[in-house]
Amino acid sequence: MTVGRPRHPGDGWVECRCGRRHWGLSGAAGLLLARPADGAGAAAVVLQHRAPWSDQGGTWGLPGGARHTGEDARSAALREAAEEAGIDAASVRVVGEHVLDHEDWSYTTVVAVADGPVDARPTDDESLAIAWVALDDVPALPLLPAFADAWPALRAGLPAEVERPA
C-alpha cells in the first residue's frame, strides 16, 4: 500500500510470470510529458525522483502508479501526474501510448506534449523532486531500471515537434 494515501481498488502487488512483482492489480500507467526545445532551453521531459521508501526508491522515472479498477490507462496516467507532480491535464496534449504487456500485468506509458503552462512540482510524499530534464541528460540519471530499458524506444517515439520544433 502507498504510504500517506487511502487504499484504492486496484492497489496491490501482482506476482508476475517475469519473476518480479509489480504494483497495480489492474496494471499501472505513467505520463511521459515532453516540451519542445525553444529559445529558453532544450527539449525536455518531466521526471520524478522517487522517494526512498517507495519501490526502487531514489531512482528517476515517470509520475505514475496503479490503475484503479475499471480505469483506463490515459485517465490513470493523468490522475497520477496530477497527484504526484501537480500536472494539470488541461495543459497537456496526449499524442500516444506505449504498452509493456506481461500478459498478467501491464504498464502503459501515456505520451503527451505540454500544450500550455506546466508547473511540475512535487505534490505528495512519493517524490523527492519533480524536474524538467533535457532529453540528452535523461540517461545520465539513476533511472528506475524498467524506465531505463524503455527510454530509447520512448525517446524515439516522441513526436517530431519535440526534437525539431516548428
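Leaving aside its neighbours within four places in sequence, which residues is A77 in contact with?

Modeller: Happy to! First, this is a predicted model, where local features need pLDDT of at least 70 and side-chain atom pairs count only at pLDDT 80 or more, while totals for chains, interfaces and linings use all residues. Residues are numbered from 1 along each chain as its sequence is written, and side-chain values use heavy atoms, with hydrogens and water left out.

Now, A77 is in helix α1, residues 73–85 (helices are DSSP runs of H or I with at least four residues, strands are runs of E with at least two, and both are numbered from the N terminus). Leaving aside neighbours within four places in sequence, A77 touches A29, G30, L31 and V110 (contact means heavy atoms within 4.5 Å). A77 is buried, with a relative accessible area of 0% (buried is under 20%, exposed over 50%, partly exposed in between, using a 1.4 Å probe and protein chains only). The C-alpha atoms of A77 and L32 are 8.9 Å apart, though 45 residues separate them along the chain.

Next, have a look at strand β8, residues 106–114, where 8 of the 9 residues are buried. Strand β3 (residues 28–35) runs parallel to β8, joined by 7 bridges (strands pair if DSSP finds at least two bridges between them). Here A29 sits opposite T108. Strand β7, residues 92–101, pairs with β8 too, antiparallel and over 9 bridges, and there V99 stands opposite T108. β7 and β8 make a hairpin with 4 residues between them, and E103 in the turn has a positive phi of about 70°.
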